[in-house]
Amino acid sequence: MSSPVESAKKLAAYRAVDENFPENAKVIGIGSGSTVIYVAERIGQLKNKDSFTCIPTGFQSKQLIIDNGLKLGAIEQFPDIDIAFDGADEVDPQLNLIKGGGACLFQEKLVAAAAKKFIVVADYRKESKKLGESWRQGVPIEIVPNSYAKVTQALYALGAKKVDLRQGGKAKAGPVITDNNNFLLDADFGEIEDPEKLHVQIKLLVGVVDTGLFTQMASKAYFGEESGEVTLWKV
Ligand code: 5RP
């Protein structure tokens, strides 16, 4: 039997696809993480699955597209996406997001920015009043590798309480390398008063590729609840 969290992820993902998948969609963005597994599964059940192309946000996402018998395309071929579905690490009521827990933030943001509609799928643990309240490991920031010391210094100057170069842990000695051959910093700013302002401040630092703060991008977020209900937030 699946755990309450796993059931919540599946419920949210299935509902999001069922309520939002456009009838005549040609290009679909597929995010990364453990909730999007159910998005790809649901899309893979569609009878017309040969009539649209799916754009991945990284290696795992590419595998999900292939494994579910979906047509794989590249963002370079399809820079206009009808709709994209992705998970999140934390969501506030304005639908500002922290993303990048799975180290895929840059391609996720590229696909979200290219999409006419961007829909978030998550379980109940991701609902938050303010970013930084429940996701305590910090804002993920993708950086060019040799900039890590300089960017770390600059993040402390911007008010970060703690900055970590994300490590591979048991799976790899040394830092995590993203799908774009970059490093990741996790910068803890505590509760974030103004996510857009913080994003802009970080993004301007030399060496920063992008931040895991996604502001004014998502139009809806579906949360699977422990009760078996699905909550919808929209802006
Ligand atoms: C990866 C992400 C994921 O979407 C985010 O970490 C949520 O993942 P999950 O659905 O496994 O909770 O941003 O970079």
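Aspartate 86 has valine 120, in strand S7, as its bridge partner. Strands here are DSSP runs of E with at least two residues, numbered from the N terminus, and two of them pair if DSSP finds at least two bridges between them. The model is predicted, so local features need pLDDT of at least 70 and side-chain atom pairs count only at pLDDT 80 or more, while totals for chains, interfaces and linings use all residues. Residues are numbered from 1 along each chain as its sequence is written, and side-chain values use heavy atoms, with hydrogens and water left out.

**The sheet of seven strands**

- Seven strands form an open sheet with mixed pairing, in the order S3-S2-S1-S4-S7-S13-S14.
- Strand S3 (71–72) and strand S14 (230–234) stand at the edges of this sheet; each has a single partner strand, so one side of each is left without a neighbour in the sheet.
- Within the sheet, strand S4 (residues 81–86) is paired with strand S7 (residues 115–123) in the parallel sense, over five bridges.
- Strand S13 (residues 220–224) and S14 run antiparallel and are joined by five bridges.
- Lysine 220 has lysine 234, in S14, as its bridge partner.
- S13 and S14 form a hairpin, with five residues between the two strands. In the turn, glycine 228 has a positive phi of about 95°.

**The sheet of three strands**

- Three strands make up an open sheet with antiparallel pairing, in the order S5-S6-S12.
- Its edges are strand S5 (90–91) and strand S12 (213–214); each has a single partner strand, so one side of each is left without a neighbour in the sheet.
- Strand S6 (residues 97–98) is joined to S12 by two bridges, and these strands run antiparallel.
- Isoleucine 98 stands opposite leucine 213 of S12.

**The ligand and its surroundings**

- The ligand is surrounded by 16 residues, each with a heavy atom within 4 Å of it. The closest are Ser34, Thr35, Asp89, Gly100 and Lys126.
- By class, this shell has three nonpolar, eight polar and five charged residues; Asp, Glu, Lys and Arg count as charged, Ala, Val, Leu, Ile, Met, Phe, Trp, Tyr, Cys and Pro as nonpolar, and the others, Gly among them, as polar.
- The side chain of threonine 35 has an N or O atom 2.6 Å from an oxygen atom of the ligand.
- For glycine 87, a backbone N or O atom lies 3.4 Å from an oxygen atom of the ligand.
- An N or O atom in the side chain of aspartate 89 is 2.6 Å from an oxygen atom of the ligand.
- On its own, the ligand has 380 Å² of accessible area (Shrake-Rupley method, 1.4 Å probe). The protein covers 91% of that area.

Methods:
A polar contact is a pair of N or O atoms within 3.5 Å; within protein, one must be able to donate a hydrogen and the other to accept it, and residues adjacent in sequence count only if both atoms are side-chain atoms. Helices (H or I, at least four residues) and strands (E, at least two) are DSSP runs, numbered from the N terminus.
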